[in-house]
Amino acid sequence: MEDSQTTSASIRDAEFTHVNEQGRARMVDVGDKPVTSRVARAAAKVLMAPSTLELVRTGGTRKGDVLAVAQVAGIMAAKRTWEIIPMCHQIPLSGVDINFALEDDGIAIEATARCKGETGVEMEALTAASAAALTIYDMCKSHQRDMEITAVRLMEKTGGHSGHFVRGE
């Protein structure tokens, strides 16, 4: 078993940007990074029974328009990502959009976040997709408790030092 000094040294040696000299969490200083346009797309899926999907499609759920509420929840969540993910910076988002696709086995979600800033918007896009999925679950749970939220992932990001990323699927 490693002692805490060895573990801290291992973490520092791995060059994690959110770890200080003592191996403890820190918020990265992005103040000297250039301001660039940044965009991130994230996805998620809510798997559900065809009968539950039909209720969403027809507006027949007990709680109202599921996708309208999920869209607002995703946007609100993106705007507050910095409050729930400890090392995220507060980012002045210039846009957030959520799209839904009703598929045979559930609802696919795609969230896009945009900003001009010193750090990326991947976490905002991922948070938006996750919150939209959680909201769909919440609004449909009285009809089906065994829905699954799955496939939460970053699809694409542009801008910043690390450049363009596109998930290969």
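This is a predicted model: local features need pLDDT of at least 70, side-chain atom pairs count only at pLDDT 80 or more; totals for chains, interfaces and linings use all residues.
Trainee: What makes arginine 41 and glutamate 156 a salt bridge?

Mentor: The N to O distance between the side chains of arginine 41 and glutamate 156 is 3.1 Å. The cut-off is 4 Å between a side-chain nitrogen of Lys or Arg and a carboxyl oxygen of Asp or Glu, so the pair qualifies. Arginine 41 lies in strand 1 (residues 36–47) and glutamate 156 in strand 4, 115 residues apart, and the pair links distant parts of the chain.

Trainee: Why is arginine 41 called partly exposed?

Mentor: Its relative accessibility is 22%. Buried means under 20% and exposed over 50%, so arginine 41 falls in between. Glutamate 156 is also given a relative accessible area of 22%, and therefore counts as partly exposed.

Trainee: How many salt bridges does the structure hold?

Mentor: The structure holds eight salt bridges. One of them joins glutamate 54 to arginine 57, with the closest N and O atoms 3.1 Å apart.

Trainee: Where do glutamate 54 and arginine 57 lie?

Mentor: Both are in helix 2 (residues 50–58), three residues apart, which is about one turn of the helix. Glutamate 54 has 37% relative accessibility, so it is partly exposed.

Trainee: What makes arginine 80 and glutamate 83 a salt bridge?

Mentor: Their closest N and O atoms are 2.4 Å apart, and the limit is within 4 Å, so the pair counts. Salt bridges that share partners also join Arg41, Glu110 and Glu156 into one network.

Trainee: Why can such side chains pair?

Mentor: Side chains of opposite charge can pair when their charged atoms come close.

Trainee: Which residues form the nonpolar patch on the surface?

Mentor: Leu134, Ile149 and Val152 form the patch, with about 240 Å² of accessible area together.

Trainee: What is known of the largest pocket?

Mentor: About 420 Å³ of space lies in the largest pocket. It is lined by 20 residues, and the closest to its centre are His18, Lys33, Thr119, Gly120 and Glu122. Helix 5 (residues 122–140) gives the most to the lining, with three residues. The lining divides into seven nonpolar, eight polar and five charged residues.

Key: Residues are numbered from 1 along each chain as its sequence is written. Side-chain values use heavy atoms; hydrogens and water are left out. On a 1 Å grid over the protein atoms alone, a cavity is a set of points where a 1.4 Å probe fits but cannot get out, and a pocket is an open set with protein on both sides within 12 Å along at least five of seven lines; lining residues have an atom within 4 Å of a point. Grid points are joined across faces, edges and corners, and a volume is the space filled by probe spheres set on the points. Helices (H or I, at least four residues) and strands (E, at least two) are DSSP runs, numbered from the N terminus. Ala, Val, Leu, Ile, Met, Phe, Trp, Tyr, Cys and Pro count as nonpolar, Asp, Glu, Lys and Arg as charged, and the others, Gly among them, as polar. Patches are made of residues with over 30% relative accessible area and no salt bridge: like charges are joined within 9 Å, nonpolar side chains (Val, Leu, Ile, Met, Phe, Trp, Tyr) within 5 Å. Accessible areas come from the Shrake-Rupley method with a 1.4 Å probe; for residues, only the protein chains shown count as cover. Buried means under 20% relative accessible area, exposed over 50%, partly exposed in between (1.4 Å probe, protein chains only).
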